[in-house]
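Here are some notes to read with the model open beside you.

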Amino acid sequence: MTTKAFAPSAAVPRKSSPLARLTDPRVYCSLAALSLILIVPRIIDSPFVMHVFVTICVFGALSTAWNIVGGYAGQLSLGHTVFYGIGGYTTALLIQHFGLSPWIGMWAGAALSVLVGIGIGYPCFRLRGPFFSLATIAFLEVVRLLAIHFHGLTGGAAGLIVPLNLGWEWMIFREKFNYLYIAFGLLLLTLLVSWAIRNSRLGFYLTAVREREDAALAAGVNNTGVKLRAVIVSAALTSLVGSFHAMYMTFLEPATMFSLATAIEIAMFSLIGGLGTVVGPLLGTVLVVPIAELARGWLGASANGLHGFVYGTVLVIITLTLPAGLVGTFGPRVGQWIDRLPGGGRRQDAHAAPASRPISGEPGQPILEAKGLVMKFGGLTATDNVSITLRRGEILGIIGPNGAGKTTVFNQISGFLKPTSGTVAVIGPDGAMTNPASADEFSRLGIGRTFQIVQPFGKLTVLENIMVGVFMRHPKVDDARAAALRVARLVGLEDIKDVEARNLPIGGLKRLEVARTLATEPSILLLDEVMAGQSQSDTQRMVNLIRTIRDTGVTVIAIEHNMQAIMSLSDRIIVIDSGKVIAEGNPQDVVKNRRVIEAYLGEDFVDAQGI
Amino acid sequence: MDVLVQLLINGIMLGSMYAIISVGLTLIFGIVRVVNFAHGEFLMVGMYAVYLLGAYWGLNPYVSAVPVIILLFALGSLVQRFIIQPLLGADEHIQIFATVGLSTALVNLALLVFGADLYSLTVPSARQAVSVGDYTMLTGQIFMLACAVILVAGLHFFMQTTALGRAIRATAQNRNAALLMGVRVDRIYVITFGLGAACVGLASALLMPLYPVTPTIGTYFVLTAFVVVVLGGMRSIYGAFVGAMIIGIVDSLSGYYIAPDLKEVVYFAIFILILIFKPTGLFGFGRGTE
């Protein structure tokens, strides 16, 4: 995401010691800005200012933690206060009943929150957009109502007072500055975790899954798995902050600990600052929280509702005018200014690309066997008893009229569709045939596929798109970047490597499909009409590219309508019509086959030509 | 047995109230394809309007229904025209934030203007008990049931027989095809959003005699309405009607047999289970995962 100020493609020095990093203006500017949170209340020294700054730290941390799920993974949770409340209540109850220090209790709360997060996330991740949000609201309401109902445990609607033992051990102080230290520490922790995720394979995978679930699967990403990891981290962090905030307020009631309004506010700060960015959530909090707190402080009860009204209005205005948020909109420019400071600037990338996965095995041996594939969509039989055996090292062309079922065959041999009957077996790393169960498993076994209808990760750059593919074999970001560059060069995308994928024309997107698939270092490459939309010279380039790829040991199956290209390229051709294989053989024989000509041009043509 | 029948009657009465609110929500979701998180706040606005008309001009809520329905139609149309329409091409999460923001703003505006106090209207004509055998119900509840049935029948008639109804259905099925056939899709959306809000206007006039209005009353009802809409398959007016009756009955029975403060837990649990296991709704009318 190059539009984001702290995006991974930006100038983050690589493999440098923490001390060396301090000379990077992005690092020292961030640290200087953050230290203001500790310095300003020291200078002004008023209980009110102190309270505002603790609140900023707490909500900044909550929003940063929320952003890992809501921004990076794009799962718009509006029930995140579940974790905040669980953290608070667990810690308070452990103090009350077992005299356990909140420093220990907060981890128990985090563990419980993680379990609840998995319980909510696992079933709900299949829900789309607003329905996911609604489900999270429903979970929050259920937990809140249960907290009220079981008043024997929680104190019910009347609330719960934290036992007032003073001292660091109990996280309750007379000297209010100590609260700020802890709140600031939690804020730093969440920011660091968020930054680390953003700059790791997980961060790329989350963005990929958010943008295109299918393309992520094809790149070997376990969609549910990465989303769950995001929830686990986010729930734990949110819960820790909730534990601290309960100690700070010393009073818990279900209405505030499991509040829907607070859950919305947390999400809102992220949107204002910039969803999916590292600093956005904190920036949104810093801008909005003081306004609300000042209104509350100055106008008192007469302004009941004022801050909420301001929040809601700001939210609507932001969605209409700056949907990318402040960092998303202005981040790149500010980032450039900062890079001009001493020590800034983009470092040359001298990292050597890692070695590709070697492909071994005997040419000609069967490496993929599809037997009797039948796929029925309701009354329509899209493929009817299709069997294909693929031999190592060949280029197999699949042709047939529109709607013949070619792409449906592809979807079945890459795991995107489960055949109604029939089996697909793929050679495993040990040389034995296996039956993978899901698309990402197919992908990890070395089957790379492109999509006929291109599926770019629109908000990632070309290079980052390719990196998502590389990550399957090379989990380190540096390696992935270098390997992606190598693939970009090979496919002819190097000149536009920093362009966001959504800005590419169709020819470029088709090549990006091939590049991202190649990046997974497949042993079998499934190409679905990659020549479509290419110019004459690009087509020739693609033909050469496919030959080059084959020469490295990769086996290729290509669906293609460009007859000239596919005929010159293929060692063997399979013709599919109305879901059935009607001809198979070398290209010269297939074009003369009567049934093939019938399928393309009709019986009348065949009769007229007297073939 | 007597208790059970009375509870079922109460449930149906409650269900007819949810039906009127949910039909509007279904209309907006099914046609404009936007989940309106501010739907409950429309109800709240309508109820304050009915209250003001009653308290200052002495209008009977059932008379106020007419101006309030018009007011809510206008409110809904304006929201569609100036907030939703510019965002139709935007990411889904932006649309969610927009309606959530509108909801937050309206709740707090009401809190600023009216405070957190309860306001209610005394309408004797709506609170007369009617006895049938051993069972009793209120006239206001009977009105509600009648209106729910008339609303669903009326919408059915409107959608099936009028040119505008056909245009709305065409837009719902395929926006681009409708556009190519000369349907002014943007205008259809504005009208549909207005109609959805107008249903809530009707609901607010019918509710005011029975429930006091507070700034947060919308949140209370809209969450239930979402449960109903999901239960009914999200796109179907009839599904919403049946779903509303089911939730009304569940509400009434679980409040008595389980615990009054856990009845919402019961239907939220149903909601979550339906979303997860049968996202097409109980009758398979729609698709939640689509």
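1. Helices (H or I, at least four residues) and strands (E, at least two) are DSSP runs, numbered from the N terminus. Strand 6 and strand 7 (residues 433–434) of chain A pair in the antiparallel sense over two bridges; two strands pair if DSSP finds at least two bridges between them. Ile427(A) has Met433(A) of strand 7 as its bridge partner.

2. Before going further, a word on what you are looking at. This is a predicted model, in which local features need pLDDT of at least 70 and side-chain atom pairs count only at pLDDT 80 or more, while totals for chains, interfaces and linings use all residues. Residues are numbered from 1 along each chain as its sequence is written, and chains are lettered from A and ligands numbered from 1 in the order in which they are written.

3. Which strand does strand 3 of chain A join through five bridges? Strand 3 (residues 366–377) is joined to strand 6 (residues 421–427) of chain A, and the two run antiparallel. Within this pairing, Val374(A) finds its bridge partner in Ser421(A) of strand 6.

4. Helix 17 (residues 406–413) of chain A is mostly covered, with seven of its eight residues buried. A residue is buried if 20 or more other C-beta atoms lie within 10 Å of its own, exposed if 12 or fewer, and partly exposed in between, with C-beta atoms placed from the backbone. Among the buried residues of helix 17 are Lys406(A), Val409(A), Phe410(A) and Ile413(A). Just after this helix, Gly415(A) takes a positive phi of about 85°.

5. Asp45(A) has a positive phi near 50° and sits in the loop between helix 2 (25–44) and helix 3 (47–72) of chain A. Glu529(A) also has a positive phi near 50°, in the loop between strand 9 (524–528) and helix 22 (536–551) of chain A. Is each of them buried or exposed? Asp45(A) counts as exposed because it has 10 C-beta neighbours inside 10 Å, whereas Glu529(A) is buried because 20 other C-beta atoms lie within 10 Å.

6. Ala158(A) lies between helix 7 (151–154) and strand 1 (160–161) of chain A, and is exposed because it has 11 C-beta neighbours inside 10 Å. Its C-alpha atom is 9.0 Å from that of Leu252(A), 94 residues apart along the chain. Thr277(A), in the loop between helix 13 and helix 14 (280–299) of chain A, is buried because it has 29 C-beta neighbours inside 10 Å. The C-alpha atoms of Thr277(A) and Glu362(A), 85 residues apart along the chain, are separated by 48 Å.

7. Now for the domains. Chain A is divided into domain 1 (25–259) and domain 2 (366–609), with bounds that come from an automatic or database domain assignment. Their C-alpha centres lie 44 Å apart. In all, 17 residues of domain 1 are in contact with 22 residues of domain 2, where contact requires C-beta atoms, placed from the backbone, to lie within 7 Å. On the domain 1 side, helix 9 (201–211) and helix 10 (213–218) each give two or more residues, and the largest share, six residues, comes from helix 9.

8. The largest nonpolar core has 289 residues. Such a core is a set of buried Ala, Val, Leu, Ile, Met, Phe, Trp, Tyr and Cys residues joined through C-beta atoms within 7 Å. Domain 1 and domain 2 of chain A both give residues to this core, so it lies between them. Among the residues with the most contacts inside the core are Cys57(A), Ala484(A) and Leu202(B). Leaving aside neighbours within four places in sequence, Ala484(A) is in contact with Leu463(A), Ile466(A), Met467(A), Val470(A) and Ala519(A).

9. Finally, the meeting of the two chains: 37 residues of chain A are in contact with 38 residues of chain B. Helix 6 (129–149) is one of the elements of chain A that give two or more residues to this side. Helix 6 gives the most, with 15 residues.
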